[in-house]
Every structure is written in C-alpha cells, then in structure tokens.
Amino acid sequence: MSSSLLRSVVGSTIFVLLLMAAPLRGEDAPQSANDLLARFSQDWNENLWEHKSRKRPHGYMRPLDDRGWQTRMRVLRELVLRGQDAVGPLLEVLKGGAAHERVLAAQTLGLLAPDVPPEPLLSAAQTDKNSAVRLYAVDALGMRGSATTAVEWDLMRKQARNRDVRKHIGYALERKDVPVASEVAAVLRDWNPETIDTAVLGQTAPDFALTSVNGEMVRLSEYRGQKAVVLVFVYGDT
Amino acid sequence: MRESLESIAQLDAQLLAIDPHEVWSAKMLLKNTGFSTDDLHYPLLMDPSLTVSATYGVAFQMQIHVELSNRPATFIIDKQGVIRYARRALTYNDRPTVRQVIAELNKLN
C-alpha cells in the first residue's frame, strides 16, 4: 500500500472512530435546554409508580432500581445552569409538553424565579389540567416573591379544586412575598453531580451543610469524634 | 417522642431530619399544630436545592399527594463518620421503629 493511501485509510478510520465515540461523549457536549428535556423524557417513565397506599397521603414510590430520578436531577441542574437561556424553552414546554414534562418545567421555573414572567405561571396555576403542574406553578409564583403582589391568592385558593394545590397556595401566602433565596439555585449549580447516590453502607457518609428551619447551620462532619448521627430523610408536609 | 429523643441522646447520638422543601411548609405545619420552631428538639434541616437528598439517593422517588418528594430513609452514621445502617423506604410509611434505631445504635458501641 502506498504511504498516501495508508495515511488516508488511517485518517478515515480515526474519523469513523471519533464519530462512533461522539454519542458516548455526548454528556460533555453542550446541550440545549430542549436536548436536556428530551433526555429527561427518555429516562423518566411516568408509568413506573408503584406501591400506592390505599389511604391518604396516597404515596406512590419509584421502583428501587429505577434511575430515572438521577436523570431528572442532572437535567434540573443543567437547566438551572443555563439560567435565563432555559426560560424560553421551559415556558414552551409548560404550555405544550406532556404532563410529566410540564411538571419538570414548572419545578425548574421556580428555581429560576426572578427571571420568569408571571403570566405563563398564572395561566398554568389556574388552567393546567394536571394538578401537579398547577401545584408547581403555584410554588414558582410564590418563589418569585414580591414580584407577584398582583396575584390574587385568596381568590385562587377559593377556586382551586385540588386540596394539595390549595395547601401550596397557603405556603405561597405564608411567604409574605419573600422570594426563593438565590442560594438555592447557587447550591444546585455548585453541586457535583458525580456525587449522586454515593451514600453507601460501610463507607464514609458524604458530608453536607444545611440550614435548619430555625436558621441554625448544621454540618454533618462536625459530629465526627463527638456523636453518632441518626439521619432521617422525610418527605415533608406536602 | 421526648423519651425516644432522650434514649437517642443517651446513646451519644444526634437525630437530624432532612426535608426537601424551603422553610415555609415546615413553618406552616408547626403553626397549624400549635407549635413554633422553638419546640423542635432536633434540627430539621431544609434541603430545597435537593443536593443532599440526591447525594443520599432519595430525591424524586416518591409521589405524595400530587407532589414529588424524597423517598423516606434512615441512615445511622457512627462517630468515625461511617454509614453503619441504611434503610430506604419501600412505602410512604416504611421506616424503622425507635426501638430498632436504638438497637442499631447499641451495636455501634
């Protein structure tokens, strides 16, 4: 084989290998908000809920081996990282996406709160057919803080058909126009997603620092050498 | 509840609770039940960024009423910072009893 033919064979082989490798490295390539939302839809199977309880609070669980929640978390973070650029695509999804996509959109818009116009959130809160979407749209309106003094919360609460939506209107009122702290989105942006699901029996507990409901900052590693810790994750009063 | 907190304290352990919401829902619950945040005898830590819930493998795994929230879970971490007990709930009310937690704490010593 001549050297120039050899070079072109090697060159095109490398090119083909790079093309094949590209999907595997897709995570590194910058993805648009719409790409991210598509990824979420791919991995999140809305039909997987199980173990429904017969009485209130009607809890459904994801199967223990389902990993859709991890994609959801990564996508949420990536969307928040895009900030203002994600708002437009998210508002489109809030208007016309599938129900589980509209839920994610409303939830994400809450974290992007100051940059989000109130009208689409109001519309979703009042008219979306899905109660989870209405609930998260209510939350997002509350998270905008004083920018929503125009919201007639009492009227909205009277008109709300769903008990949980009404409850969340109550939380929005409880805020008294205090917006979501910018720190909430900042902590999410700063979080390393490779630490997802890394609490393993027999290994060092991942450290964290969180603020308690009465304003006290608590860091897990402060207890080392002092006390054992019983760490209880709760679903909270929803 | 107070007795169980005392048993846990006597075993040189600290109870911490983690809630994936901003403070408003917890404050309203306390208000509705006639309590204030001063009545809490253990830290109720808020994780609205969901980062700790995701690190500990519980975020978004439960739909309670219409909202998505954490799968309930209990971890016991010894004084060296090692996880010695981990239980993730299979149903909304699947959690170890106080007696079980105390038994696990006793195993650490």
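Guide: What follows is a set of labels, each set against its criterion. One caution: this is a predicted model.

Visitor: Why is Phe60(B) called buried?

Guide: Count the neighbours. Phe60(B) has 24 other C-beta atoms within 10 Å. The cut-off for buried is 20 or more. Phe60(B) is therefore buried.

Visitor: Where does Phe60(B) lie, and what is its phi?

Guide: Phe60(B) sits in the loop between α3 (51–55) and β3 of chain B. Its phi is near 60°, a positive value in a residue other than glycine.

Visitor: Why does Asp177(A) count as partly exposed?

Guide: Asp177(A) has 14 C-beta neighbours inside 10 Å. Exposed needs 12 or fewer, and buried needs 20 or more. The count falls in between, so Asp177(A) is partly exposed. Asp177(A) also has a positive phi, about 70°, although it is not a glycine. Its place is the loop between α9 and α10 (182–190) of chain A.

Visitor: What makes α7(A) and α9(A) roughly parallel?

Guide: Helix α7 (residues 131–143) and helix α9 (residues 163–174) of chain A pack at an angle of about 5°. Roughly parallel covers angles under 35 degrees. The label therefore holds for α7(A) and α9(A). Their axes are 9 Å apart.

Visitor: Which residues of α7(A) and α9(A) meet?

Guide: From α7(A), they include Leu135(A), Val138(A) and Leu141(A). From α9(A), they include Val165(A), Ile169(A) and Ala172(A). By class, this contact has 7 nonpolar, 3 polar and 3 charged residues.

Visitor: Which residues of α2(A) are buried? How do you know that they are on the same side of the helix?

Guide: The buried residues of α2(A) are Ala33(A), Leu36(A), Leu37(A) and Phe40(A). They cover an arc of only 95° around the axis, so they lie on the same side of α2(A). They pack against α3, α4 and α5 of chain A.

Visitor: What do the buried residues of α4(A) pack against?

Guide: In helix α4 (residues 84–96) of chain A, the buried residues are Ala86(A), Leu90(A), Val93(A) and Leu94(A). They pack against α2 (33–43), α3 (68–82), α5 (99–111) and α6 (118–127) of chain A.

Visitor: How do you know that β1(A) and β3(B) are paired strands?

Guide: Count the bridges. Pairing needs at least two bridges. Here 3 bridges join β1(A) to β3 (residues 62–64) of chain B. In β3(B), Gln63(B) is the bridge partner of Tyr60(A).

Visitor: What makes β1(A) and β4(B) edge strands?

Guide: The open sheet has 3 strands in the order β1(A)-β3(B)-β4(B), with antiparallel pairing. β1 (59–61) of chain A and β4 (67–69) of chain B each pair on one side only, and that makes them the edge strands. The twist averages 25° from one strand to the next.

Visitor: Which strands pair in the parallel sense over 6 bridges?

Guide: They are β4 (residues 228–233) of chain A and β1 (residues 13–19) of chain B. Val232(A) stands opposite Ala17(B) in β1(B).

Visitor: How many residues does the contact take from chain B and chain A?

Guide: It takes 69 residues from chain B and 64 from chain A. On the side of chain B that touches chain A, 41 are nonpolar, 18 polar and 10 charged.

Conventions: Residues are numbered from 1 along each chain as its sequence is written. Chains are lettered from A and ligands numbered from 1 in the order in which they are written. This is a predicted model: local features need pLDDT of at least 70, side-chain atom pairs count only at pLDDT 80 or more; totals for chains, interfaces and linings use all residues. Helices (H or I, at least four residues) and strands (E, at least two) are DSSP runs, numbered from the N terminus. Two residues are in contact if their C-beta atoms, placed from the backbone, lie within 7 Å. Axes are lines fitted to C-alpha atoms, for helices over the stretch in contact, and angles run from 0 to 180 degrees between N-to-C directions. The arc is that of the directions from the helix axis to the C-beta atoms. Ala, Val, Leu, Ile, Met, Phe, Trp, Tyr, Cys and Pro count as nonpolar, Asp, Glu, Lys and Arg as charged, and the others, Gly among them, as polar. Angles under 35 degrees count as roughly parallel, over 145 as roughly antiparallel, 65 to 115 as roughly perpendicular and the rest as oblique.
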